[in-house]
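Subject: Structure handover

Hi,

Here is the structure I promised you. Have a look, and my notes follow below.

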Amino acid sequence: FGGELRGKLQKMDGNSYGHYKSLTGSYIFPNYTLFVDHVQSDPYASPSWLRIQVSQTVAKFPKNLYDTTVRRIALCDYICRSLYQYNSNELTDATHRSPSRWGQTKGGQIIIDVPGQQVLQRTAVDINDECIEFRFAVNLPGRGRTIMGQLASRVLTETLPRLVEKCLFYESHDSRRVLEFVNCIDDQDVLRESLVSRGLLGFVRNGSLLPRRSGASDLPIAVDQAVLFQSPASLEVTFDLPHRGTITGMGIKRGVTLIAGGGFHGKSTLLQALQCGVYNHIPGDGREFVSVDRNTVKIKAEDGRVVTGTDISPFIGNLPMKKRTDSFSTLDASGSTSMAANIQENLEMGCTGLLFDEDTCATNFLIRDLRMQMLIPREDEPITPLISKIGVLWTELGVSSVLVIGGCGDYLDTADTVIRMNRYQPEDITAEAKKVARSHPTGSLNEASTTYGNIPSRRVSLPESLIKGKPPTAKSCHSIMLPYGSSHPPVNKVESAGNNMQADESYAHKDAMSVAHRDDDKPSLNLVHFDQLKETSQTRTIAAILTSTAYLTQPSAKKLRSAFFGQPAVMETTQGNTLTQRPSPDRSPTLCELLDRWEALMDTHGLRIVTARNDPEQFGEVQVPLSDHKVPYNLSRPRKYELGAAINRLKDLKCSI
Ligand code: ADP
Ligand code: MG
């Protein structure tokens, strides 16, 4: 047991690095099987992909910890965290080597997906009734181009078994903590799902700890430095959760809510906690029961962004040079046009809640005061500000807004609820605000719109635009399917050969990723404004989906496309006409259809589906067994809004309606 691997590695010691390739395959250990799926070609390449399967007869995780999707995601996330922590705390000495120069030892580290404060669906750990599976990477050690067999053997046959024993066997865990973790996530999900039926957009539990250590950290500040959240009595609501029982806190009603208050009194902090409330948080984060409807998006000014074919006419009309606004395209949007596009694109994807912070909005998109109304006639001002639309967004479209506002009282007239943050504590000042609004009219002309205007269209943004030039050749298809860092040309090289657009998982950082186009070198897609994107692993998934989508939408991939969308379901309408429910292979999917399909596939198959690029079988209705094909070890699930936002910012996107 394991002896085969040890012997093999010891024999390799001193050989040239390429011999590591022969490790590919599986190895039986006493309690588990180790798979070496992909071996790096040199010590400087991206690390090798490995996988461990432990049978449930040994691992023995009780079924009640993974008997629903939410609980399974929670348990896997918990195990991933314990693996990550154990690996970085306990095993550092054994495996960590600081980066060194050529000729010195390089590698030996075990690399595990880095989980943040959010509990997400991940590829790192998966579980079912048969087995638990753990995906990770190892930098196979070398000195120059020479294999360090002894060190590799220590890592794979001594360190790794300890990691397995400590984290992949149920008996090694504190059973009470695991159960608490899984139940806590379960409760958070129930809370979020019950918001709508209670007429709420969001909820903040009393006792929540909202502030973070710094702008760059998602960790909570120390409890003794924080003012814990306490709802004003008038806004207090309670929920009955399955495990925790009754919880109490502030309900944020659907409609228009303002968060007012002096500077530095905690307004932005509350909004930031709310925007993260689309995710479940780990116990101890402080925001576990800060929740918003999962279809809530933060809207920011993002001047400089690319916009393609978006209908921004509710907000922007009458542009100089007669530039169209019902299908607006630009490579360099202004603050206000970017906000208009951000709202419209998110409505198109189905969002029902919008979050704004005055700090990150364009002023001219928010208001037009009396003096400006006098100075610049309405006909000459292309912008219809948000204040004119925020009411109809709710009354006509059922879309709620929460707005942080400190400087502009004009919004008092439009608000259903006004919350004041005062020394980090919320107060309900709705009545007071209404009184002020009545006794001190703004004087500005009422330019409120009676209708919203064009509801965003269902744009067809694919296929030509994700594919440039001629379709990929068989050879490049093959390369695309392989994990990055393989001996085949890496994805971006295939691209620069001029075939199509590729998003590159290996160049994904949380806030940016590299998208190779035919005529550019490697421009990045900038995601720094995506406040609701939390992890690099989510960005990698977006990159993988863009790549797979490019692949799927090439004209010749008809079979793949029909597997992806399933058979078009034909439905009789009352008029006796037929209506195609899913896109047929001959019709291009709309952006929304595409996003919804990816969501459904990830629900059914897990994240491994996002790299199932050229294999129609994988898209079937039947769940494929765990790891039927090579899957990156470090993907976590983004929301469809962030995925769609990335697509909407592609420079080469083409759209039709
Ligand atoms: P505003 O948006 O009202 O100007 P911020 O939300 O940016 O204020 O908060 C100002 C500062 O106060 C930040 O450094 C933040 O971390 C801190 N802070 C916010 N809420 C709390 C709280 N509940 N307890 C302690 N510090 C807080
Ligand atoms: Mg602020």
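A crossing is called right-handed if the near helix is turned clockwise from the far one by less than a right angle, and left-handed if anticlockwise. This is a predicted model, so local features need pLDDT of at least 70 and side-chain atom pairs pLDDT 80 or more, while totals for chains, interfaces and linings use all residues. Residues are numbered from 1 along each chain as written, chains are lettered from A and ligands numbered from 1 in written order, and side-chain values use heavy atoms, without hydrogens and water.

On to the helices (DSSP runs of H or I, at least four residues, numbered from the N terminus). By the handedness rule, α1 and α5 make a right-handed crossing. Helix α1 (residues 3-12) packs on helix α5 (residues 149-167) at about 160 degrees, with the axes 7 Å apart; axes are lines fitted to C-alpha atoms over the stretch in contact, and angles run from 0 to 180 degrees between N-to-C directions. The pair is therefore roughly antiparallel (over 145 degrees). In α1, Leu-5, Arg-6, Leu-9 and Gln-10 meet residues of α5 including Leu-156 and Thr-157 (contact means heavy atoms within 4.5 Å).

Now the ligand. Of the 13 residues around ligand 1, Val-227, Phe-264, Lys-267, Ser-268 and Thr-269 come nearest (a residue counts if a heavy atom lies within 4 Å).

Best wishes

Definitions and conventions. Helix = DSSP H or I, 4+ residues; strand = E, 2+ residues; numbered from the N terminus. Parallel < 35°, antiparallel > 145°, perpendicular 65-115°, else oblique.
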